[in-house]
Amino acid sequence: MESTPSAPRSVAVFGAGYIGLVTAACLAELGHRVVVRDVVPQKVEALARGEVPFYEPGLSELITRNGERLRFTLDAEDALAGAEVAYVCVDTPPTAAGDADLSRVNAVVEDLVCAPHLAAVVVKSTVPIGTGDRIRERLDLAGLAHVGYASNPEFTAEGKAVADFMHPDRIVVGAADQATRDLVAALHQGVDGPVVRMDVRSAELTKLTANALLMTRISFANEVATLCEATGADVEKVMSAVGMDPRIGPHFLRAGLGWGGSCFPKDGVALKSLASNDGLHLQLLTAVIEVNNLQPRRALQRLKDELGSFTGKTVTMLGMAFKAHTDDMRQAPSEVVASRLLAEGAQVRCWDPLARVTEPQLWDQATRYQDPLEALAGADAAIVVTEWPQLRDLPWQQVAATMAAPVLFDGRNLLDPAAMRAAGFTYLSVGRH
Ligand code: UGA
């Protein structure tokens, strides 16, 4: 926790996505006055009415509670009037070349060069190494050499972003000068976590490295799971014992259908591309991505071996979001599962309590159910795609009796193999027997 006393600041946050809104609401909770600017009118109008455009536990309450210190606007000039700090939280989706697309970041920077009264520009968007140096040059060129620049990458995970912001493992602040590092650190006064000060390039790489290492752990667990399937070992037992070594730790060792979401897939490719642009081949990261791409396809191959063929079969997907407790479907493994099943001639049914469909042309070909029991009745097979905890409590014996064939592939190792077999299922999972 930062002990330096800090006065409330006026902050402009650019981008009302997951990162921008969580940052804005948490900074307001810390006492700062925050104006959020987004370019999508419907989003700004909805936020002004108190509606959060996506599901994130605790965020809506935080926005309401801090209504006095938080407002939303479409107008960059309005957001910047009186602002001391500008946070850049816009998204950086992949370009056709796999690099991070900086067009939205650059557009915000063009707004910022009209605000010479700023004390600092802080980038939270995940950006390639060297982006900060280029923004610095742009600010200098516009006569804003006196405005500090900082990289303050985000490590929050969807579904627990507010808690992660308020109780982070670390707050990374990269800046060229001590005054800017201190200013960004002071903004976090009241946050329960250590501030790590460094240079801008190191901060940019810290973010990408943390995500790449987490992806590596998951892909390694998935490779071990494949080995377990071939050798009769159990990946859950292996990984929980391996994770008891404090040098390794228990997190992100869960085998399954692999990682998805708005961050890992994009950041993995962005790091690989940024190295390739310098003529470097990140061999390990390349393999990590390849293992992940294979994971849902391997699962479907095993299920197909069990069914003989998918043609004309009805298959129920349990879960569509990229992980439980979120409505986010960006780059979810469910998209690969659904499109492969459809390509093989299956009738696809799906159930998810929250998922917000982002690829309608794909999901329009599937039938969505509100009730998992209805989605399962009459199906030839089911596949658990997202680890929704309520699936554990389904009356599986009853479900087995209503399915045309009680075949279940548990892509998240959520259910107990012995109990599922006792309920009458032909039960397959990842790296378990
Ligand atoms: C991830 C990181 O965890 C955050 O620290 C980071 O700030 C964020 O990306 C970002 O860059 O903004 P998030 O994408 O919200 O957060 O989701 P995670 O909880 O990390 O899960 C990512 C994927 O890995 C999910 O599809 C999940 O099912 C999968 N996963 C996770 C596994 O397959 N096995 C595991 O053991 C853990």
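Asn292 counts as buried, at 7% relative accessibility. Buried means under 20% relative accessible area, exposed over 50%, and partly exposed in between, with a 1.4 Å probe and protein chains only. Asn292 sits in helix 12, residues 283-307. Helices (H or I, at least four residues) and strands (E, at least two) are DSSP runs numbered from the N terminus. Leaving aside neighbours within four places in sequence, Asn292 is in contact with Ser219, Gly258 and Trp259. Contact means heavy atoms within 4.5 Å.

The model is predicted: local features need pLDDT of at least 70, side-chain atom pairs count only at pLDDT 80 or more, and totals for chains, interfaces and linings use all residues. Residues are numbered from 1 along each chain as its sequence is written, and side-chain values use heavy atoms, with hydrogens and water left out.

**Ligand site**

The ligand is surrounded by 20 residues. The closest are Phe155, Thr156, Glu158, Lys207 and Asn211. By class, the shell holds nine nonpolar, four polar and seven charged residues. Here Ala, Val, Leu, Ile, Met, Phe, Trp, Tyr, Cys and Pro count as nonpolar, Asp, Glu, Lys and Arg as charged, and the others, Gly among them, as polar.

Ligand oxygen atoms pair with these protein atoms:

| Residue | Protein atom | Distance to a ligand oxygen |
|---|---|---|
| Thr156 | polar backbone atom | 2.7 Å |
| Gly260 | polar backbone atom | 3.0 Å |
| Lys323 | N or O atom in the side chain | 2.9 Å |

The protein covers 93% of the 720 Å² of accessible area that the ligand has on its own. Accessible areas come from the Shrake-Rupley method with a 1.4 Å probe. Helix 9 (200-231) and helix 11 (264-277) are the elements that give two or more residues to the shell. The largest share, three residues, comes from helix 9.

**Cores and helix 13**

The largest nonpolar core has 60 residues. A nonpolar core is a set of buried Ala, Val, Leu, Ile, Met, Phe, Trp, Tyr and Cys residues joined through side-chain atoms within 4.5 Å. Met317, Leu318, Leu341, Trp363, Trp396, Leu408 and Phe425 have the most contacts inside this core. Beyond four places in sequence, Trp396 touches Leu318, Leu376, Leu391, Leu408, Leu415, Met420, Ala423 and Phe425. Another core, of 42 residues, lies apart from it; Ala16, Val44, Val122 and Ala150 are among its members.

Helix 13 spans residues 333-343, and its buried residues include Leu341 and Leu342. The buried residues of helix 13 pack against helix 12, strand 9 (314-318), strand 10 (347-351), helix 14 (360-363) and strand 12 (381-384). Gly345 follows helix 13, with a positive phi near 90°.

Most residues other than glycine have a negative phi. His325 has a positive phi, near 65°. This residue lies in the loop between strand 9 and helix 13. At 43% relative accessibility, His325 is partly exposed. Asn413 also has a positive phi, about 50°. Its loop joins strand 13 (407-410) and helix 17 (417-422). Asn413 is buried, with a relative accessible area of 8%.

Asp410 belongs to strand 13 and is buried at 0% relative accessibility. The side chain of Asp410 reaches the backbone nitrogen of Leu415 at 2.7 Å. Leaving aside neighbours within four places in sequence, the contacts of Asp410 include Val384, Tyr427 and Arg432. The C-alpha atoms of Asp410 and Arg421, eleven residues apart along the chain, are separated by 12 Å.

Key:
A residue is near a molecule or strand if one of its heavy atoms lies within 4 Å of it. A polar contact is a pair of N or O atoms within 3.5 Å; within protein, one must be able to donate a hydrogen and the other to accept it, and residues adjacent in sequence count only if both atoms are side-chain atoms.
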